[in-house]
Amino acid sequence: MSLPIIGIAGNQLVHASQTFNGNQVTYTPQGFVNAVQIAGGLPLVLPIGEPTLAQSYIKQIDKLLLAGGQDIMPQLFGEEPSEKLGEINPARDHFESALVKEAVAQHKPIFAVCRGVQLVNVALGGTLYQDLSFYEKTALKHEQAPTAPWFATHEVKTAPDSLVNNLIGDSHLVNSYHHQGIKKIAPQLKATAWANDGIVEVLESTQPEHKILGVQWHPELNHHVDAKEQGLFNYFVNQL
Ligand SMILES: [Mn+2]
């Protein structure tokens, strides 16, 4: 029996850290590894590389998982950086955009978390709010730090008959660690859950042959205390 191979797009620690004697390291948050292993998948971390490597990486995996992290470079959706833009890593953005396009081309399912759902939206032609203060209405608190990540802080409501509705129900409390948000939705995606301020919290594919699920919260940080959050990984690894 072979386990589904889950490629997790890795991040890179570019700032000096005493933990690694100032050296750069490739990493992914442990929660993704744990949640994929619990779900019965075989996690493989994909280090940031040239976009031309995407085709070969995607061939090696069954499914693609995009993690959280830095802001998205605004040039990818036609804007210059605002003063409220946070840290970016253009190499990561270009590599992950190539992974998304290649996964779509090779019909490999994608599960995307936080920055990941924003990256998928931008890679497929959507746009972002560089900061939620640019949202036309008043946004709720979507950056819950310093509240611990296993505590859920805001509600999301899901669209009837959506994939995410089957997985978490009509309403669910989620954690929230984002200051950017989905603005214009890419043509092949649709919103299927929102916070009560109207901010998009879930995107799904509109095309059955392209399996994409992206959530704006962090299920990898509370999958151990919330069965619905582990359920997202179980579905992704075994059914999406
Ligand atoms: Mn949120």
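User: I'm looking at Glu96 in this model. Which residue does Glu96 form a salt bridge with, and how far apart are the closest N and O atoms?

Analyst: Glu96 pairs with Arg115 in a salt bridge, and their closest N and O atoms are 2.9 Å apart. The two sit in distant parts of the chain, with Glu96 in helix H3 and Arg115 in helix H4, 19 residues apart. Keep in mind that this is a predicted model.

User: What's the general idea behind such a pair?

Analyst: Side chains with opposite charge can pair when their charged atoms come close.

User: Are Glu96 and Arg115 buried or exposed?

Analyst: Buried means under 20% relative accessible area. Glu96 has 0%, so Glu96 counts as buried. Arg115 is buried too, because its relative accessible area is 2%.

User: Which residues are linked with Arg115 in a network of salt bridges?

Analyst: The network links Arg92, Asp93, Glu96 and Arg115. Within it, the side chains of Asp93 and Arg115 meet at 2.8 Å, N to O. Asp93 lies in helix H3 (residues 90-105) and Arg115 in helix H4 (residues 115-123), so this pair ties together parts that are 22 residues apart in sequence.

User: How many salt bridges does the structure hold?

Analyst: There are 4. One of them joins Lys157 and Glu155, with the closest N and O atoms 3.6 Å apart. Lys157 is partly exposed, because its relative accessibility is 41%, and Glu155 is partly exposed at 24%.

User: What about the surface: which residues form a nonpolar patch?

Analyst: That's Trp150, Phe151 and Val225, with about 330 Å² of accessible area together. Phe151 sits in the loop between strands S7 (128-129) and S8 (154-158), and at 49% relative accessibility it counts as partly exposed.

Terms used. Residues numbered from 1 in each chain as written. Predicted model: local features only at pLDDT ≥ 70, side-chain atom pairs only at ≥ 80, totals over all residues. Heavy atoms only, no water. Patch = residues over 30% accessible without salt bridge, like charges linked within 9 Å, V, L, I, M, F, W, Y side chains within 5 Å. Areas by Shrake-Rupley, 256 points an atom, 1.4 Å probe, with all protein chains shown as cover. Helix = DSSP H or I, 4+ residues; strand = E, 2+ residues; numbered from the N terminus. Buried < 20%, exposed > 50% of the residue type's maximum accessible area, 1.4 Å probe, protein only.
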